[in-house]
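I opened this entry to keep track of what I looked up, chain by chain. The notes follow the order in which I went through the model.

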Amino acid sequence: MSMNRKINLRVWLKIPDAEAATVKNTLIRRLGFGNVLDDVKKERLFSIEVDSGDPAELAKSFARELVNENKESHIVLIDELKFEEDYVPVKVALHIEDGEAISIRERLRSRLGFENVVDVKKATVWKLYFNTLKPEAQIKAGEIAERLLINPHKDSYEIMI
Amino acid sequence: MKIAVLQFPGTNCEFETLVAVKAVGMEGEIFRWNRSAGELSGFDGFVIPGGFSYQDRLRAGVIASKEPVMSALKEEAGIGKPIIGICNGFQILVETGLLPGSIEKSSGNVDMALAQNVMVSQGKIVRRGYYCDWVNLRHEAPSKRCSGSFAIERGALLKIPIAHGEGNLVTTTPGLMKKLNDEGQVVFRYCDRNGRIINEFPFNVNGSTESIAAICNEPGNVLGMMPHPERAFFAWQLPAFDPRKQRPDEPGPGRRVFESMKRYIEVNA
């Protein structure tokens, strides 16, 4: 039985996020979601699998490497991934090889000595704030993912509810 | 013969592209993305130059692809006017669905992606991400197949620079690669200096499927290419190791792309 633990780092900008603003603007002004969409925020998500060590202590070390505290905030979730209730979280990740995730894994393992790192996955979580009830919001979130957030030839998405 | 060189926020090759357009004897002007899209109908052809439209936010080309000017450009493409997308312009055309042009006609689907570069050599990933260099291209399509290579013979070799982070052509559309090959829509492939296709770095500079550097749509009027012909328009722009650089009055290899566009318009007028 695998004893691996998964450390999830949710990371977001504490300064204004221009990319999220551009996505919101495009959804409202160009794609017609202005009547249901209130706001868009964005997080980076790192999921780091380790086969030994204290995950809470490891998470602090990983955060020092992956989070720039001057401009970013983060929270750590170990062996779970949950989001707040007031938005629909849409996780977007590459389904083709993710070079940046591989680079992070190699950096943690080979350059920084975290040999207990087994795997690193990276994604973007789009937090879509709707003014509609949840069932409709989830349908709209799917539409938004397919019409803007992903290119299906390289990305996949998952609504995290 | 008047060409619109489209400018989005973050485009950064529009001025040298306009120089190239004018240097082959066409008229041209820079067309800002927020002008009335209907004005596009007054032009005979279009170039979407390179750069980083909208700072490549979300992914390269996608935000620009949602602008009204691109809907108008689709209509112009539909009546056969030539469009050349260079680098970021190629990415915009892909995200708009103008390239490769949907395998199911008029569905408007996006049938491929230009993903992050992954450079592979001898089975190993040796590099990733942004890369700029001079590359060799082999013209794969028959002459007159495509607006941007109309006057270039099949098999011709061109040395032109690339500079991008997302030029790795990938697709999950069944049958698309076969269609592109069978119907002559593969316009340029990366190759070595002798024209051999070697599907690994440094010859395939970004991991693109089948070393593809440029494709056209089915009718041939829309071309997308990752290399920058406007940066090899004059011989003096060539790298120091190229002997043609010592003959600055000669044309550079990139000129042939713009001459092709002009010839295409002359023939199809």
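I began with Pro202(B), which I found in the loop that runs between β11 (186-191) and β12 of chain B. The model is a predicted one, and in it the peptide bond leading from Phe201(B) into Pro202(B) is cis, with omega near 10 degrees. I then looked up a cis bond between Leu99(B) and Pro100(B), where omega is about 0 degrees; Pro100(B) sits in the loop from α4 (88-96) to β5 (113-115) of chain B.

Ser211(B), in the loop between β11 and β12 of chain B, has phi near 60 degrees although it is not a glycine. Gln55(B) likewise has a positive phi near 60 degrees, and I located it in the loop between β3 and α2 (62-65) of chain B. Which of these is buried and which exposed? Ser211(B) has a relative accessible area of 0% and is therefore buried, the cut-off being under 20%, whereas Gln55(B), at 55% relative accessibility, counts as exposed because the limit is over 50%.

**The sheet of chain B**

I traced an open sheet of nine strands with mixed pairing, in the order β2-β1-β3-β4-β13-β12-β11-β8-β9 (chain B). Its edges are β2 (27-32) and β9 (157-164) of chain B, each of which pairs on one side only. With direction ignored, neighbouring strands are turned by 25 degrees against each other on average.

At one end, strand β1 (residues 2-7) of chain B pairs with β2(B) in the parallel sense over six bridges, and Gln7(B) stands opposite Arg32(B) in β2(B). Helix α1 (residues 14-23) of chain B packs on this sheet, touching β1, β2 and β3 (45-48) of chain B, with its direction at about 155 degrees to that of β2(B). Helix α3 (residues 68-78) of chain B also packs on the sheet, in contact with β1, β2, β3, β4 (83-86) and β13 (222-225) of chain B, and makes about 135 degrees with the direction of β3(B).

I then followed β13(B) on both of its sides. It pairs with β4(B) in the parallel sense over four bridges, with Ile86(B) standing opposite Met225(B). Strand β12 (residues 212-216) of chain B runs antiparallel to β13(B) and is joined to it by three bridges; here the bridge partner of Ala214(B) is Met225(B). In the hairpin of β12(B) and β13(B), with five residues between the strands, Gly220(B) takes a positive phi near 95 degrees.

**Chain A**

For chain A I counted four helices and six strands, which follow the pattern β-α-β-α-β-β-α-β-α-β along the sequence. The radius of gyration is 17 Å, close to the 15 Å that the globule rule gives for 161 residues, so chain A is as compact as a globular protein of that length.

The six strands form an open antiparallel sheet in the order β3-β1-β2-β5-β4-β6 (chain A), and β3 (72-78) and β6 (155-159) of chain A are the edge strands. Strands β2 (residues 37-50) and β5 (residues 117-130) of chain A pair antiparallel over 13 bridges, and Val120(A) in β5(A) is the bridge partner of Ile48(A). Helix α3 (residues 99-111) of chain A packs on the sheet against β2 and β5 of chain A, its direction making about 135 degrees with that of β5(A). Helix α2 (residues 55-66) of chain A lies across β1 (5-13), β2, β3 and β5 of chain A, at about 35 degrees to β1(A).

**Nonpolar cores**

Where are the most contacts inside the largest nonpolar core? That core has 95 residues, and those with the most contacts inside it are Trp126(A), Leu149(A), Leu6(B) and Phe8(B). Helix α4 (residues 134-149) of chain A gives the most to this core, with six residues. I noted several contacts of Phe8(B), among them Trp33(B), Ile48(B), Met70(B) and Ile92(B). Another core, of 17 residues, lies apart from the largest one and includes Val50(A), Ala63(A), Leu66(A) and Val117(A).

Terms used:
Residues numbered from 1 in each chain as written. Chains lettered and ligands numbered in written order. Predicted model: local features only at pLDDT ≥ 70, side-chain atom pairs only at ≥ 80, totals over all residues. Heavy atoms only, no water. Pairing = 2+ DSSP bridges. Helix = DSSP H or I, 4+ residues; strand = E, 2+ residues; numbered from the N terminus. Contact = heavy atoms within 4.5 Å. Axes fitted to C-alpha atoms, helices over the stretch in contact; angles between N-to-C directions. Rg over C-alpha atoms; globule rule 2.2 N^0.38 Å. Core = buried A, V, L, I, M, F, W, Y, C linked by side-chain atoms within 4.5 Å. Buried < 20%, exposed > 50% of the residue type's maximum accessible area, 1.4 Å probe, protein only. Lists of a residue's contacts leave out its neighbours within four places in sequence.
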